[in-house]
Amino acid sequence: ILNATATATAPYASPALLYPPDGMVFSDAEAPVLLQWASVSLLRDNEWYELSLLLSSGDVLSDTIRTRTTAWRVPRDWLERAGGGRSQFEWRVQVVREVAEDVYEEAGASSPVRSFVLLEPTPLPTPTSTP
């Protein structure tokens, strides 16, 4: 009887981040923010893209996002949680592999960190009538 051993897989390259470009400014909280990156390869059943999204202050907006797709739409309420005025977000993506139930390990290099800025519109003063 032969013992089967797991085949080691080479680590994936870091995903190339496609959109938004680094430092892009979104001026309307109504507009969707879609984060997109290039595929590194066909992922195996136990592999995922892991997206980290933080405020540049270091505050975490949510738990880690894992997806098999190469794009993710930031929920509007997450953008609103950032506060008012000007908020800067940072994001990165890497491939992870599930090695046990809810236990993940890095399966490739992390992308460079990118940022985008959300500017909330400044309300215009309400005109008052003059007598």
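Is Glu50 buried or exposed? Here are some notes, starting there.

1. Glu50 is buried, with a relative accessible area of 12% (buried means under 20% relative accessible area, exposed over 50%, partly exposed in between, with a 1.4 Å probe and protein chains only). Bear in mind that this is a predicted model, where local features need pLDDT of at least 70, side-chain atom pairs count only at pLDDT 80 or more, and totals for chains, interfaces and linings use all residues. Residues are numbered from 1 along each chain as its sequence is written, and side-chain values use heavy atoms, with hydrogens and water left out.

2. Glu50 has a salt bridge to Arg66, with the closest N and O atoms 3.1 Å apart (a salt bridge is a side-chain nitrogen of Lys or Arg within 4 Å of a carboxyl oxygen of Asp or Glu). Glu50 sits in strand E4 and Arg66 in strand E5, so the pair ties together parts that are 16 residues apart in sequence. Helices (H or I, at least four residues) and strands (E, at least two) are DSSP runs, numbered from the N terminus. Arg66 counts as partly exposed, at 33% relative accessibility.

3. The structure holds three salt bridges. In one of them, Glu47 meets Arg97 with the closest N and O atoms 2.9 Å apart. Glu47 belongs to strand E4 and Arg97 to strand E7, so this pair links parts that are 50 residues apart in sequence. Both Glu47 and Arg97 are buried.

4. Arg97 also has a salt bridge with Glu105 (3.8 Å, N to O). Glu105 counts as partly exposed at 37% relative accessibility. Through shared partners, Glu47, Arg97 and Glu105 form one network.

5. Have a look at Thr67 too, in strand E5 (residues 65–67). Thr67 is buried, at 12% relative accessible area. Leaving out residues up to four places away in sequence, Thr67 touches Trp37, Trp48 and Tyr49 (contact means heavy atoms within 4.5 Å).

6. On to the core: the largest nonpolar core has 24 residues, and those with the most contacts inside it are Leu35, Trp72, Trp91 and Phe116. Such a core is a set of buried Ala, Val, Leu, Ile, Met, Phe, Trp, Tyr and Cys residues joined through side-chain atoms within 4.5 Å. Elements that each supply at least two of its residues include strand E3 (33–37), helix H1 (76–81) and strand E9 (114–119).

7. By contrast, Val60, in the loop between E4 and E5, counts as exposed at 56% relative accessibility.
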